[in-house]
Structure formats: C-alpha cells, structure tokens
Amino acid sequence: MTEKLTNTTIVTEFLLMGFTDDQEIQIFHAVLFLLIYLAALLGNLLIITLTSKDHCLHTPMYFFLKNLSFLDIGLISIPVPKSIMNSLTNDNTISFLGCVSQVFFFFLLATTEVALLTVMSYDRYIAICHPLRYDIIMSHGACVQMAASSWLSGSLNAILHTAFTFSTPMCGSPEVHQFFCDVPQLLSLACSFNTGELVVIGLSLVLDFGCFVFIDISYIHIFSTVRRIPSREGRSKAFSTCLPHLIVVTLFLSSGYFAYLRPLPKSPSLLDLLISVFYTMVPPTMNPLIYSLRNKDMKMALRKLKIIGYFQSN
C-alpha cells in the first residue's frame, strides 16, 4: 500500500515479486525452499549441539564454527520463511517495518559472517604455521574478543546500510523484484540518487575485498607449510579443513560482489534471483556438509552422541 504526496510515494508495504505468478511453480518453489531451509537448519543445529556437548570440540576452531552455524541459521531465516509463506498464501506483500528488519538483519549477519570467516582463516594459519604458539595466541579470551569484534562490525554496517537505504523517498510502485528486501532492488525505487548508501556499499565492498585478500594470504602461507609436512595423513588433514573453508568464502563473497556491482537490468532478471539464492541460501546449507561430513572429529563426536543417546534410552 502507498500514499502519494506530490511525486513522492509514502510506502507502507512492499510487493516481493519473487520468481513467478504461476501458482503451480509457486508451490514447487515453496516446497524446494522448505527442504533447503530444513536441511540448513538441521545441519547447523547439529554442529551447535556437537560443539557444545563434546568437550573434545571445545577448541578455538570449533568455537568459531559454532558461531558460524548460529549466523547461518539467522542468515537463511531472514528471507526464506517469508518467501515460503508468500508462495503458499499467494500474498507477496511485506510491511515497511518487515522490509527494514530484513535489510538490517541481513547486513548484520552477512557482515559478521565475512569477519568471522576471516578470523577462522587466521586461526588455521596460526594452527598450521605456528603450532607451538597456538595456545598462547588463540587463547579463550582472544577468541571471545575476535568473535565480539566480528559482531560489532556487523552491527555498525547494518545500522549504516539500513539508515541510508531508507533515508531517500521512494517513487512509483513499491515492487521489489526479489524474494526478499534486497538493497539493490530497493535503491531502484528511490526518487533520487542515493549517494549515501552507494558510499556505504562501496566501503563495505572494499572491506570485504580486504578480508578476502587477508584470507588468501593466510592460505598461501598455509599451503606452503602443508607442502613441507612429511606425513601424507598430516597433509590430507590440513587440506581437508582449509580447502572447504576457502570454497565457502569464495562462493559467498563472489556471488555478493556480482549482485551489488552488477547494474540492475531495466526488466526483472532470473539471474538476479539465482545470484541472491547463492549468497543467502547456499553457504548456510553447504557449511554443515563441508565441516561435518568431511571432518573426522565431528564424525567421532556424532558417534559418541549416538552411543550416549542409546544408553540413556535403555
């Protein structure tokens, strides 16, 4: 719903246009999104449970992994449940406050995740390249400070993005050609050029690129050290924990960069929708698969949890 005042539109709700108006395809989309959402939810909850209950996993690496799983649950929960509900009810509206909330929490969790992935690469760098100093550098206090700093950076970025995105009046129909309130689509509704938000986006992309460079440099040192490990088992273990992390970071950042640097087409594009799926749904779904199914410590913790559960039930 909108109220017009001269050429400016006072927006009270937005229309999330989503993928299609076809009811059958909407139901298929709702079922597919629900399956992906449940898989991400169960996988990340499993990681949180295992890293909390198993004392062998009370290490810096799994402390950060537990934080990452919590972020992933939040990140995929921002757009997906609302999109599923809209498809099932054939009602594609979202209130102005709901849209503001989506923007704020998306940037809060996404920015925090980028910072946390950077911290996790530093943790692996210290563990592999400086193992004798690992316990001193990655103390519990230091880990808490790093995690808290990640959340603080996410909070500041979310406040700036939300404030500037909605600071400019909007004109015309409040149609958002996405399945959630994504900033590039919202900026296309602005009556005038939103310089403030574009500056914030530019700064965010520069910082994200800095994090990506830091991660790459960390892994160059890691892979250089790993090549000198005489044991094939040792090299395999190092690669199995580092390569998946690098894949997740690359996928997450590259899809986000593409979405925010690519000029919006004049007509709605299916490619924009698919790219947004990549940076909102794929990392939260893939992280549990990468970190649990390929990780011996996580597999052992899962076996122990099953055994404990079996004896408690008998």
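Predicted model: local features only at pLDDT ≥ 70, side-chain atom pairs only at ≥ 80, totals over all residues.
## Ground rules

Local features here need pLDDT of at least 70 and side-chain atom pairs count only at pLDDT 80 or more, while totals for chains, interfaces and linings use all residues. Residues are numbered from 1 along each chain as its sequence is written, and side-chain values use heavy atoms, with hydrogens and water left out.

## The overall picture

The protein chain has 12 helices and five strands; these are DSSP runs numbered from the N terminus, helices being H or I with at least four residues and strands E with at least two.

Take the contacts (heavy atoms within 4.5 Å) with a separation of 6 or more: 77% of them join residues 24 or more positions apart.

## The core

The largest nonpolar core has 74 residues. Such a core is a set of buried Ala, Val, Leu, Ile, Met, Phe, Trp, Tyr and Cys residues joined through side-chain atoms within 4.5 Å. Helix α4 (residues 96-129) gives the most to this core, 15 residues in total. Among the residues with the most contacts inside the core are Phe14, Phe106 and Phe252. Leaving out neighbours within four places in sequence, phenylalanine 252 touches Leu75, Ala110, Glu113, Val114, Leu117, Tyr279 and Pro283.

## Helix α2

Since 13 of its 18 residues are buried, α2 is largely enclosed by the rest of the structure.

## The disulfide

There's one disulfide in the structure, defined as a pair of cysteine sulfur atoms within 2.5 Å. Cysteine 99 and cysteine 181 form it, with their sulfur atoms 2.1 Å apart. The pair ties together distant parts of the chain, 82 residues apart: cysteine 99 is in helix α4, and cysteine 181 is in the loop between β5 (175-176) and α7 (183-187).

The link is left-handed, at -125° about the S-S bond. Cysteine 99 is buried at 0% relative accessible area, and cysteine 181 is buried at 2%.

## A three-stranded sheet

An open sheet runs β4-β3-β5 with mixed pairing; two strands pair if DSSP finds at least two bridges between them. Strands β4 (93-95) and β5 are the edges, each pairing on one side only. Strand β3 (residues 13-16) pairs with β4 in the antiparallel sense over three bridges. Phenylalanine 14 has isoleucine 94 in β4 as its bridge partner.

Methods:
Buried < 20%, exposed > 50% of the residue type's maximum accessible area, 1.4 Å probe, protein only.
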